[in-house]
Amino acid sequence: MEAIILQILNGLDKGSAYALIALGLTLIFGTLGVVNFAHGALFMIGAFCAVVMQRLLGLSYEQVDPTKTDFLGNPLKVQVPYVESWFGPEIGGAIVDWSVPLAIVLAIPVMVILGFVMERGLIKHFYKRPHADQILVTFGLAIVLQEVIKYFFGANPIQSGAPAALSGSFDFGAMLGFDPNVVIYPFWRLVYFLFSLVIIAGVFAFLQFTTFGMVVRAGMADRETVGLLGIDIDRRFTIMFGLAAAVAGLAGVMYTPILAPNYHMGMDFLVLSFVVVVVGGMGSLPGAVAAGFLLGILQSFASMNEVKSIIPGIDQVIIYLVAIVILLTRPRGLMGRKGVMED
Amino acid sequence: MTNSNLTRRGVLKTGAVTGAGLALPTIFTSRASAFTNEPTGSTVTFGFNVPQTGPYAEEGLDELRAQELAVEHLNGMGDGGMLQTFSSKTLDGTGILGKKVQFVTGDTQTKSDAARAAAKSMIEKDGVVMINGGSSSGVAVAVQGLCQEAGIIFMAGLTHSNDTTGKDRKKNGFRHFFNAYMSGAALAPVLEKAYGTDRRAYHLTADYTWGYTQQESIQASTEALGWQTVNNVLTPVGAGDFSSYITPVLQSGADVLILNHYGGDMVNSLTQAVQFGLRDKQVNGKQFEIVVPLYSELMAEGAGDNIKGVYGSMNWNWQLQDPGTKAFVKSFGERYGRPPSNSAHTCYVQTLLYADAVARAGSFNPCAVAEALEGFEFDGMGNGPTTYRAEDHQCFKDVLVMKGAENPTTKFDVLEVVEVTPRAQVEYAPDHPMFGGAEASLGECNDGA
Amino acid sequence: MFGLNAKDTRFLLIVVFLTLATPILLQPFPESSSLAQFNAGYPDLMQKFAIFGIFAIGFNILFGLTGYLSFGHAAFLGVGSYTVVWMYKLLSYNILPGLVLSIIISALFALVIGFISLRRSGIYFSILTLAFAQMSYNLAYSVLTPITNGETGLQVYTNDPQVLMGANSPTSPHLFGLVMRESVQVDMGGWLFTFNIGYYFCAIIAILAFYISLRIFRSPFGMMLRAIKTNQTRMNYTGLNSRPYTLAAFVISGMYAGLAGGLLAAMDPLAGAERMQWTASGEVVLMTILGGAGTLMGPVLGAGFIKYCENIFSKINDGILHSWFAFLPDGIENFLVTLVHPFVGKGWHLTLGILFMLVVIFLPGGLVEGFQRISRLFRSKRVKDGPRRKDPEHHPKSAPHVAE
């Protein structure tokens, strides 16, 4: 029982990341009809926003400490962060400690601007081109983005931890009446899950309850008609691209304490997020979210020893297996609409 | 910056310029020379095949730095590094057998196919006599096989699987790096001292060949101490999120978690295990502990604070105090502004060892070189007295047991040396069952003729 | 000739000539010049050109003609390779049984995967094929290690049965004694040409593969496939069941991929699991689009382009850069080296990414379109206002895909 609760939590956590990436991808598919292979790279850039924030807060000057020596025997140069010298070690240290949540402030403008530039500068010219061309150009862009990151940050994973207050784990089970120390879960993972729910709710509310969202939904359903009504749908689509990029970026920022970011993490998530989107059904936002959580939970259960001992290797193929079964039983995924991306 | 022309085929470089006017077609097959890529000009070319893209790119870069340094030292530039402390004195800084050393580089991408393609291009296009490098066992075994077929020498870089000098051992291939069995054998006494003989271990193992041999080795050595093995769970390579594999550990009744992971997987699984509070737990009345059998300082950097107090093993570390290590660290540190990693060290040493073997054999013929390396005893390369065993081409030397430092002063000393396990403790018979048993054989030497 | 009209015959003959002269054409710079770095005329790369050319030609029969975008063709490549290595292990190093079997097994594999995947179209089809290929890769890398030797890659051991191995049989892949690895080198006053047996074997098969694909393109069957691409619904309304045709195209392209995989193992007796990874499937998609999907020559050009970048640019290190610019004053030399440095060696991916973007932005029809534009430029100079010849390779008009 405890094991199952834990795996559900694990699944929800994995699912949060899948759902957020798939949500952004579907926004782009649904509104612009573009197959965006650079979406994983946007997630990666978001994660590196956290790294940049950490570096920015950690900007420091050198102070020579004659009592210690470095590896060549010279006096050691100690790095003292500016924030610590400005605010004193305590508050300064706390600011550095909270760099990951603070990075959200950096990530939103960066990602939105990146999204605008991508859409206006590149994607715009590919609306009328075949999907194959879109794949090629966005894949090329993804490679360029990740190589740029590699050039500046290297290929190794870079640790950027959760704030000390949230890095421990939480005795979840004791609250529900289990024995203490059995069902425990890291705070940060719970934070991530709640964060993703907030973002998902925010995106849905935005599309559902604002005039802007209404127009965009109308545009998703029938772009030409909306255009004929004299509405400048293009400008709105640009904003949607920025929004999708921001969602991917935020998913990346908050994921860094769970997964140390490296330059190719985007490619690792790319294939998976496409599977999630397609399982959810092309063009369906609720479908993408539902499929994200569903695949996350199924993957967690498939990783259980009891399951693995019956079917070895099932944890490595479960996602693909589920995708095949769903696509064969439900032609357009869970909630896909007819005619989207079927040609 | 030095402007030495570091590429192209020395053979033609000199031969062709003079003969360009004659323009008479001369037909020769590979059989015309005495052995593959026999250097006939005034230079000899080495191939450095390291991961330059993909997850191990940083390690590959460090290997490349060390290899470049080794070539400089062989050619008499720089301060000579370990050539000053090396017990064999045949190398004098004038190249090898009077030929200047050049090198070409390639990208393995940490994929067997790409590594072989890069190696083939070095052999076929650039005419290399030796290939060195790599950062994974799959690549090492694949390239070693290729060098055997082509008739040149392979000096393995970072490869830790038992198979490289076990069931996949080759007459033309040599490994200086230590292996999974040695890691297990070196760690066991330290683990016994630190954690006692009554422990229950839970293994998470990367689901590929290196993971299997690492797990098998460490399980055998810990069980010899009296530890029990609760479970061994295989995890997909590059899984990223290991939470579903970590949560069952707490309910299993285990009190030690052994992470048979390397690189990015190690960083993530260790970080996440710590996040799940494993190290704060008391199980069976004992403090819960985590062990990482194979450490790499570049990756330890990525794991940050989570590595504190975690035991693991290494082939070599820059913090050792012997003259060879000091000379190398000085030379490398002054050039690149950072201490060398243990993968850089093994590639540097391998390059020098090859050059020395050629000089002692008096020939670049791979069979002569292999003979000179077999059973070769040397010292002054940072690992104490070392032997290249003739039966399986594995180096035998002391192994370092490391621990995550509690108070690192810089990002370079996040690991500290706990113990130097003497060589006698990590030795095994060449026909050990983990190394292919009696069936494993080096085969015949191939010089390509 | 060969059942082709005059134009196609000429086209085929040009291809045959180019293929056979590759060892000379790819070696344009003398060995002693510093541009020799860009020579690609060594056996391994030439073999790769031919093999990935076959792979891309086969992929193009499916994607170029029917428009079905498979993201799982690498699975067939891997199956072909494993089959050939297993034949080495069981029988002998003769490549013929393995190659024949690799085509048969990959055809069976393609039949099963195609039969299931073709129940869906568009992106749903792509994801189904991707799912099958990724499952094959993940299993081959881990659980199936006893069959595939996992990460290390399947290879031949001395204690393998090799029942047909005679005492004098070659110990590397050969065709009835013709050893693939062997080559003849000709040194012509600074130029070095390598004529490799393995390459010519691949080249002959590649020419055959090209010829078959040419015949398919010109056949009623090919016409039918194109009709499916143009409008499948209309095809169905005419009472025609299009599924058998697409399935046939899928199986044929799967056989091409299996053959290519088999040839990889025939040139180099090792089969690695990465051959089945999604990146490998993606690579053939990129090759085809980059060269020009739906054209006959395009995929081959794309394959050559990508393999060239991978093998040549990744080998340029700082030392080589310095030797290139050595004639300049030190300051300028260092500046140029820093400028070029991020794009070569460990940065070759960056170059590839930028080239992808440039080609697809400026040449929507791929590299083939680039060549056509150039030749049109020359032609229009010669014959002013002459009637422009129609695209000889049935270059498809890119149908606009508007978001629905």
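## Annotated spans of chain A

Residues 42-61 of chain A have their end C-alpha atoms 32 Å apart, and this span is 80% helix and 10% strand. In this predicted model, the end C-alpha atoms of residues 270-298 of chain A lie 19 Å apart, with 86% helix and 0% strand over the span.

Both spans come from an unreviewed UniProt entry, which lists them under "transmembrane region".

## Contact between chains A and B

The contact between these two chains involves 39 residues of chain A and 39 residues of chain B. On the side of chain A that touches chain B, the elements giving two or more residues are helix H1 (2-32), strand S4 (184-186) and helix H14 (314-329) of chain A. H1(A) provides the largest share of that side, with 7 residues.

By class, the side of chain A that touches chain B consists of 16 nonpolar, 16 polar and 7 charged residues.

## Helix packing in chain C

Helix H9 (residues 220-230) and helix H11 (residues 243-267) of chain C pack with their axes 10 Å apart, at an angle of about 110°. Because angles of 65 to 115 degrees count as roughly perpendicular, H9(C) is described as roughly perpendicular to H11(C).

H9(C) contributes Met224(C), Leu225(C) and Ile228(C) to the contact, while H11(C) contributes Tyr245(C), Thr246(C) and Ala249(C). The residues of this contact comprise 5 nonpolar and 1 polar, with no charged residue.

## A three-stranded sheet in chain B

Chain B contains an open sheet of 3 strands in the order S14-S15-S16, with antiparallel pairing. Strand S14 (377-378) and strand S16 (395-396) of chain B each have a single partner strand and stand at the edges, so one side of each lacks a neighbour in the sheet.

S14(B) is joined to strand S15 (residues 386-388) of chain B by 2 bridges, and these two strands run antiparallel. Glu377(B) stands opposite Thr387(B), a residue of S15(B).

## Leu250 of chain B

Leu250(B) is located in helix H7 (residues 243-251) of chain B. The cut-off for a buried residue is 20 or more other C-beta atoms within 10 Å of its own; Leu250(B) has 23 within 10 Å and is therefore buried.

Leu250(B) and Phe288(B) are 38 residues apart along the chain, and their C-alpha atoms are separated by 9.6 Å.

Definitions and conventions. Residues are numbered from 1 along each chain as its sequence is written. Chains are lettered from A and ligands numbered from 1 in the order in which they are written. This is a predicted model: local features need pLDDT of at least 70, side-chain atom pairs count only at pLDDT 80 or more; totals for chains, interfaces and linings use all residues. Axes are lines fitted to C-alpha atoms, for helices over the stretch in contact, and angles run from 0 to 180 degrees between N-to-C directions. Helices (H or I, at least four residues) and strands (E, at least two) are DSSP runs, numbered from the N terminus. Angles under 35 degrees count as roughly parallel, over 145 as roughly antiparallel, 65 to 115 as roughly perpendicular and the rest as oblique. Two residues are in contact if their C-beta atoms, placed from the backbone, lie within 7 Å. Ala, Val, Leu, Ile, Met, Phe, Trp, Tyr, Cys and Pro count as nonpolar, Asp, Glu, Lys and Arg as charged, and the others, Gly among them, as polar. Two strands pair if DSSP finds at least two bridges between them. A residue is buried if 20 or more other C-beta atoms lie within 10 Å of its own, exposed if 12 or fewer, and partly exposed in between; C-beta atoms are placed from the backbone. UniProt positions are given in the numbering used here, feature names are shortened, and annotations may be inferred rather than shown by experiment.
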